[in-house]
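The following exercises are to be worked through in order. Each task is followed by a solution in steps.

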Amino acid sequence: MGTPHLQDSEPDDGATPGNLIRRALHALIPRSAWDHAPKTITSWGYASLVFLSVATIATSLAKGNLVSLVLSLVIVFALAIGLWAFSRMASATELSTFWKATGKVAGATVVASIIALFCCILIYIASGHPIWMDHWFQPAAFVSPPGNVNVRPGAASENKRRFASTDTNADTYPVGDRRSSITVSWDQGMPDDTNVEISIRQKGLADDFPLPARVVPGQAGSALIVGLRPGTVYEVRLNAELWSRRSTPVFKFVATDADHLDIGKIDDFKKIYTGALTPEGIADDTDAEMSFVALRPRNDRPAQWNYRGDVSEGLPNGRGTIETDALDCTAAMCGSQCAIESQGGKIIRGQCQLTLSNISVRRLSDEKKKTVLYDQASRYEGEIAGGEKGSASAWLGPFPIWFSGTGELEANDKEYSDVYQGTWREGGFEKGTVRGPNGGSLEGGQEYVERRCLLIITPMKGKSIGGGGGRVTCVGIELGDYRGNDHPYSGFDIGIADTLLSSTYYSQGKRTVLPTTRALGNCKPDETWGLLDASGEGDSPDWNLTCSNPSGALECSLSARAVDIELLGRKPLNDTPRISFRSSGNARGGDTPILLNGTTSRTLRALDKQEPARNMALAAELCGAETLRNVEQQQDVSMRGFCPRLAIMFNRLYTCSGPLRDNGEKVKEPNDRDFDAKDFIRPSFSEDGKTIKFSAPRPNELFYISSESVGIMSATVSAEGDSKKTVRVDFPFGTSTYEPLIASASYSDFDYGQLVRSDYLGTREDYLESFRDLINGPVFSKTSYKSYESALDTTLFYKFTFKHAQSFGTAHYRLRLPVGSLPTSADLSVVTEQDYRDAQARFKKALPSGRGLELPTHQLVALAFDEAGLPTKWRELR
């Protein structure tokens with residue numbers, strides 16, 4: 001039996017996994033080292049752990065981060081626990097050899113990890129790498145993002161870098177244009193080697209920012225991004241990048257300037273905007289352009305107004321100018337403009353030079369402030385203020401305005417003109433001078449218009465009127481009491497046409513048409529034309545009518561002795577009838593107050609102060625009255641029988657007027673036997689060539705002439721391309737129809753100078769220039785034709801008609817207006833009825849509404865091109 005000793009090796013239990021690992025380790029590691037490995041590993045491990053603890057805690061404290069300090073303590077504690085556990089595992093006697101070997105290997109791994117981690121920390125302290133340690137020692141640390149980031153449209157002088165967006169073609173607009181580029185800027189004082197990453201996308205897109213991002217050196221301070229879409233809001237993202245570290249992103253929104261961007265509508269006008277947008281995409285600029293385009297264009301108003309100035313929230317707000325568009329206005333209205341101040345899309349005040357139709361003038365003296373409407377082109381120059389829709393003096397596109405302050409208005413209607421000079425308030429003329437026939441409101445609130453051979457009396461402008469009113473001309477009269485219809489409720493309508501007299505009587509809304517009779521050569525001072533029977537008031541004893549011609553001219557008297565009132569009537573040659581009221585009171589130079597129906601007060605003015613319009617308006621009111629009281633004498637009379645007798649009086653005046661010329665010489669009727677149907681009207685030019693007149697060759701005879709005229713501008717366009725085509729485009733120049741007039745020595749000339757005067761020729765030249773600019777502009781240059789040449793031919797046609805008894809004649813003339821000069825007699829020629837009808841047809845085709853001179857528009861020209869076979873997409877033109 002030997003001495004006890006330690007066993008050098010464990011019994012061989014066979015080829016188990018543990019035995020295999022043990023044998024491999026014994027082959028690699030000497031047995032003595034392997035046996036002492038647990039102690040060695042533990043010693044190295046704890047030593048490394050001490051160094052690691054010092055390094056992590058010191059780094060955490062240096063970074064000033066308590067979170068990383070706590071994290072470091074937790075990691076050190078976890079490594080210490082792991083090291084202790086694996087050391088116990090390696091030295092435990094109760095475990096098998098496999099688990100002891102596993103403990104030794106795991107402990108060695110922990111020690112190696114501690115050493116490696118320690119080395120990494122030392123490198124991190126020295127160089128800042130590896131970056132992943134930022135998550136340990138600086139979990140909240142980041143590269144400082146770019147500061148003072150600003151994004152604005154357009155280029156800036158400090159731009160150091162430029163790159164193109166993938167949004168659109170970068171060459172569409174010039175580099176740096178506010179409509180297609182933005183400038184991104186930030187503080188230049190960034191650390192060396194810092195870059196700025198810039199990404200951009202349209203606002204509202206679900207897609208992420210496109211890659212790769214553009215990288216710009218941080219110290220450049222700015223970058224220019226080009227190739228963007230106009231009028232688009234973009235989202236810009238910036239990141240600072242240093243040593244592969246990226247800052248938190250900075251987001252900014254910016255909008256490129258709009259370029260003819262549709263931004264909605266205001267009333268019946270579409271808003272087309274060019275200018276800056278807010279980051280929210282709202283129009284806002286101090287020098288923007290905005291067009292207001294009518295959605296439903298009207299021939300009597302400009303279709304487009306252009307504004308330039310301050311804009312806020314998509315509306316004019318501040319100072320600016322507004323003017324008619326040169327391509328979408330009639331010749332007379334082109335050039336209208338105003339310098340305005342606005343607030344919130346409403347005009348506050350301004351200074352204007354306007355030429356517009358449908359100008360309205362309020363009657364400030366009237367409690368209801370009724371208006372006078374001038375439907376022809378009228379010119380106003382002066383101050384304005386914002387108006388109200390129901391009472392605007394004029395409209396600048398969607399904006400109603402009042403004439404307010406100092407200004408001058410030349411107002412034109414189809415049948416009269418007025419000139420106002422002075423001070424305006426809320427669209428009404430307050431103080432100054434008024435020249436023209438429109439004298440204001442009458443006692444009954446009527447407006448009246450008066451000129452030679454015309455007198456209009458109406459309570460309101462338009463076809464539908466109410467109250468006493470009428471229309472009086474040289475050849476007819478409609479007078480009475482109106483109740484919402486276009487004919488009297490109580491009254492009469494008398495007219496001469498084709499030498500025949502027609503009469504219509506209205507009684508309590510009932511209409512009676514009387515037989516026509518011969519007008520000229522049929523003067524019968526006692527004739528009643530059946531009017532007393534038609535009215536049913538022939539038996540009235542209160543009113544008495546008498547007519548006589550002691551001086552050769554017929555005079556009539558309609559009187560009621562019970563109230564001491566007499567109405568006197570006469571009709572001057574080639575003028576409207578004249579009536580006056582006489583009483584014992586006003587014959588002495590005073591006024592006579594009267595009362596209608598016991599409530600309505602009126603005044604018979606002194607004889608030398610009476611006015612034709614006022615007297616005619618009073619006669620119209622008397623037709624609708626039931627009683628009349630002379631307040632001065634306190635006497636009453638029934639108005640039964642007054643209106644039919646008044647109609648008889650006018651019938652007599654019209655059929656018996658004009659027996660004498662102005663010089664007292666007797667006028668004879670035309671002799672049908674020697675009437676020359678080809679020589680009843682003769683044209684002549686004035687010495688200066690600006691006016692053409694048509695005169696009756698036999699001024700000592702009394703007959704009727706009606707006249708018409710129509711003007712056509714014909715533009716001939718030659719289109720040069722693969723083939724040559726010629727297009728003829730007709731545009732209306734002017735049209736008018738004149739009522740039949742009595743031609744005699746006192747009114748033998750019909751002045752048609754308004755169609756020939758030099759100012760119209762100047763307008764025609766402007767028209768031609770506008771036409772040429774249009775067809776050579778960008779709209780039509782997009783066709784396959786390379787060029788256009790144009791020539792303008794302007795022609796006026798006149799038609800005169802003579803009618804008397806069995807005689808009838810017509811005459812037709814054509815006047816060509818040469819370009820750049822006034823016409824002469826060589827430009828005037830005789831044409832046929834068919835020539836005139838062809839001109840009328842061309843006029844109606846060119847402008848069915850038949851309103852005055854119109855400048856060419858895209859639509860009309862393009863439609864003519866389309867009909868001629870030129871490839872123009874006219875329906876797409878605005």
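**Exercise 1.** How far apart are the sulfur atoms of Cys 547 and Cys 556?

*Solution.* The model is a predicted one, in which local features need pLDDT of at least 70, side-chain atom pairs count only at pLDDT 80 or more, and totals for chains, interfaces and linings use all residues. Residues are numbered from 1 along each chain as its sequence is written, and side-chain values use heavy atoms, with hydrogens and water left out.

Step 1. A disulfide is a covalent bond between the sulfur atoms of two cysteines; here the criterion is a pair of cysteine sulfur atoms within 2.5 Å.

Step 2. The sulfur atoms of Cys 547 and Cys 556 are 2.0 Å apart, and the two residues form a disulfide.

Step 3. The angle about the S-S bond of Cys 547 and Cys 556 is 110°, and the link is right-handed.

Step 4. Cys 547 and Cys 556 are both buried (buried means under 20% relative accessible area, exposed over 50%, partly exposed in between, with a 1.4 Å probe and protein chains only).

**Exercise 2.** State how many disulfides the structure holds, and describe the one that joins Cys 338 to Cys 352.

*Solution.* Step 1. The number of disulfides is three.

Step 1. Between Cys 338 and Cys 352 the S to S distance is 1.9 Å.

Step 2. The torsion about the S-S bond of Cys 338 and Cys 352 is about 120°, and therefore this disulfide is right-handed.

Step 3. Cys 338 belongs to strand 15 (residues 337-343) and Cys 352 to strand 16 (residues 346-356); the pair links distant parts of the chain, 14 residues apart. Helices (H or I, at least four residues) and strands (E, at least two) are DSSP runs, numbered from the N terminus.

Step 4. Cys 338 has a relative accessible area of 3% and is therefore buried; Cys 352, at 2%, also counts as buried.

**Exercise 3.** Which helices hold Cys 623 and Cys 643?

*Solution.* Step 1. Cys 623 and Cys 643 form a disulfide with their sulfur atoms 2.2 Å apart.

Step 1. Helix 9 (residues 612-623) contains Cys 623 and helix 10 (residues 642-656) contains Cys 643, so the link ties together parts that are 20 residues apart in sequence.

Step 2. Cys 623 is buried at 9% relative accessibility, and Cys 643 is buried at 4%.

**Exercise 4.** Describe the ring pair of Trp 424 and Phe 429.

*Solution.* Step 1. A pair of aromatic rings is described by the distance of the centres and the angle of the planes. Rings of Phe, Tyr and Trp (its six-membered ring) pair if their centres lie within 6.5 Å; planes under 30 degrees apart count as stacked, over 60 as edge-to-face and the rest as tilted.

Step 1. The structure holds twelve aromatic pairs. One of them, Phe 209 and Phe 251, has ring centres 6.2 Å apart and planes at 35°, so this pair is tilted.

Step 2. Phe 209 is buried at 5% relative accessible area, whereas Phe 251 is partly exposed at 40%.

Step 3. The ring centres of Trp 424 and Phe 429 are 5.0 Å apart and the planes stand at 70°, so this pair is edge-to-face.

Step 4. Trp 424 is buried at 2%, and Phe 429 is buried at 16%.

Step 5. Ring pairs join Trp 424 and Phe 429 with Tyr 374, Tyr 380, Phe 403 and Tyr 420 into a cluster.
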